[in-house]
Structure formats: C-alpha cells, structure tokens
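Dear colleague,

Here is the structure I said I would pass on. Please keep it open while you read the notes below it.

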Amino acid sequence: MSYLKWKRLCKTCGVRYAEVDNMGVHACKFHCGPLNRYGPGKWWPEGCWDCCGKSPYPTLPSGRRNPRFSAKFLHGCTGMDHSALQTSFTPSDNIPEKVWPRELCEALNDDIMSLKRGDINIKHKGLRINNMGEFFIERFDANMYHKRRKHKWDGDEKLTIEFKYFIKNDEDTLSEEKSVVLDRDATVADLLNKVDGRYLFTKVEVEKNKINGNTTIDNLDQNEVYKVKIS
Ligand SMILES: [Zn+2]
Ligand SMILES: [Zn+2]
C-alpha cells in the first residue's frame, strides 16, 4: 500500500488522516501569530493570540469567565493541512507539480480540471499555479496568513483597513507609495496624526481637493491617488 494511504495522527488536532486525502485540503488549523504569554502583543492583550484576538484560557486570573476564550478558535484561525510531524507550515513546504506522486495526481485531477475551466470552487484550497504556469500545493493558507500578519482581527472579522498614499514634500516631489494600517472607523484626522501630515489631498493641491479631517478612511475611494502634505 502506498505510504500516502497510511493512517496517521495529526499532531495538532488528533484526527486520523491519510496524506492522499489531506495534502492541500487545509482541513486543520493553526495560529499564525504568537500567543501573548508575557504581556500585550501588537494588537491584543496578554493571554490572547495576536492573529485572531481569541484566548485558550476559559477563566481569567481573577477567576472570572474570560470573554475572549473561544472553543471554536482553540486549534487555530488559519487553515493548514493535518500533519503527524509538524504544527505549522511555511512556503518551503510547498510541493511542486513535478514531484507529485501518482496517487496525489489522481486525487487532484478534478480540481485541476475545474481550475483550467476558471472554476475556483475546489476541494484542495492549497492547489496553486505559479507565474510559469506550473501547479504546486501550498500546505497552509498563505493568503490568510499575510492578511492576519498585517491586520487586526477578532476571530474571522477584520477590524483594520490599509490606506495607501504618497507624501508631497516642500520641493513638490512625491514619495514612493506608502501605506498605513488604521482602525476601520479611523478618520482622516487620525491618519494625519499617525503619519505626521497636515493635509490630505486628491489630485492637484487646491482647496477644493483638501479632504475634511472628519471623513472616515473607509469612505475614501482607494482607486484615487491621495497625497499627504507634511507642512
Ligand atoms: Zn489565531
Ligand atoms: Zn489536524
């Protein structure tokens, strides 16, 4: 029997699985950010995972119920494959098409056909195609990983937005594109405060293009080019 069909025990969740049904399916989960053990993290207080704001501890040190405890998020917030050997994956675990065993090719066949038709509703969420047109398997949800590293999340809800802008200096030149991550309800005034700017403009810098400080960032059109004037 092929080693891909051997039953193994997942080190993370304890489920029995066989690699042939597991590779690229992302049926398990992990936390892609740290558990804040010794103090607050970038987004969340001590005792929470910084990637999703949930906590593995049902009670607080005071003995009260912990409102951030979540049974649903106990094993993780980001998809990955079950593994008997490791509890997280990185891009170096990617499996390129040229080394896929025959059983894996057979398991992936339907999804490859779907992708070729442009149907992205597939079972193997980790089945990807590189810019050379070659397939590969990603063992974890790298897209979600990057979104969770950049933004603040409460469970599956994203609480921050990324705003892109240019800085216009005194010599009338523009910086390269910059970006800042802000709370979803942040205003233009909050943005200017964070980046040490005085005004936010669109297009040419005339009075009518100056954006009011009370405007919320969420209401701005991110297809527009925004310029921050420093002084
Ligand atoms: Zn998490
Ligand atoms: Zn698992």
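The notes cover the numbering, the metal sites, the domains and a few single residues.

This is a predicted model, in which local features need pLDDT of at least 70 and side-chain atom pairs count only at pLDDT 80 or more, while totals for chains, interfaces and linings use all residues. Residues are numbered from 1 along each chain as its sequence is written, chains are lettered from A and ligands numbered from 1 in the order in which they are written, and side-chain values use heavy atoms, with hydrogens and water left out.

Metal sites

The zinc ion (ligand 1) is held by His31 (ND1), Cys51 (SG), Cys52 (SG) and Cys77 (SG), at 2.2 to 2.5 Å. Donors here are N, O and S atoms within 2.8 Å of the metal (3.2 Å for Na, K and Ca); water is not among the atoms, so sites may look incomplete. The arrangement is tetrahedral because the four donor atoms subtend angles of 99 to 121°. Four donors count as tetrahedral if all angles lie between 85 and 135 degrees. The donor residues of ligand 1 follow the spacing H-x19-C-C-x24-C. Both Cys51 and Cys52 are buried, where buried means under 20% relative accessible area, exposed over 50% and partly exposed in between (1.4 Å probe, protein chains only).

The zinc ion (ligand 2) is coordinated by Cys10 (SG), Cys13 (SG), Cys28 (SG) and His82 (ND1), at 2.1 to 2.3 Å. Its four donor atoms subtend angles of 101 to 114°, so this arrangement is tetrahedral as well. The spacing of these donors in sequence is C-x2-C-x14-C-x53-H. Distant parts of the chain are linked here: Cys28 lies in strand β3 (residues 28-30) and His82 in the loop between β4 and β5 (95-96), 54 residues apart. Strands (E, at least two residues) and helices (H or I, at least four) are DSSP runs, numbered from the N terminus. Cys28 counts as buried because its relative accessibility is 3%, and His82 counts as buried at 8%.

Domains and sheet

The protein is divided into domain 1 (3-32 + 77-145) and domain 2 (159-229), with bounds from an automatic or database domain assignment. Their centres, taken over C-alpha atoms, are 40 Å apart.

An open sheet of four strands has the order β11-β10-β13-β12, with mixed pairing; two strands pair if DSSP finds at least two bridges between them. β11 (178-183) and β12 (199-202) are the edge strands, each pairing on one side only. Strands β10 (residues 160-168) and β13 (residues 226-229) pair in the parallel sense over three bridges, and Phe166 stands opposite Lys227 in β13.

Single residues

Thr78 sits in strand β4 (residues 78-80). Thr78 is buried, with a relative accessible area of 0%. Leaving aside residues up to four places away in sequence, Thr78 touches Cys28, Lys29, Phe30, Cys32, Asp141, Met144, Tyr145 and Arg148; contact means heavy atoms within 4.5 Å.

Arg128 is in strand β6 (residues 127-129) and counts as partly exposed at 33% relative accessibility. With residues up to four places away in sequence again not counted, Arg128 touches Glu134, Phe135, Phe136 and Glu138. The C-alpha atoms of Arg128 and Ile112 are separated by 9.5 Å, the two residues being 16 apart along the chain.

Regards

Key:
Tetrahedral: all angles 85-135°; square planar, octahedral: opposite > 155°, others 65-115°.
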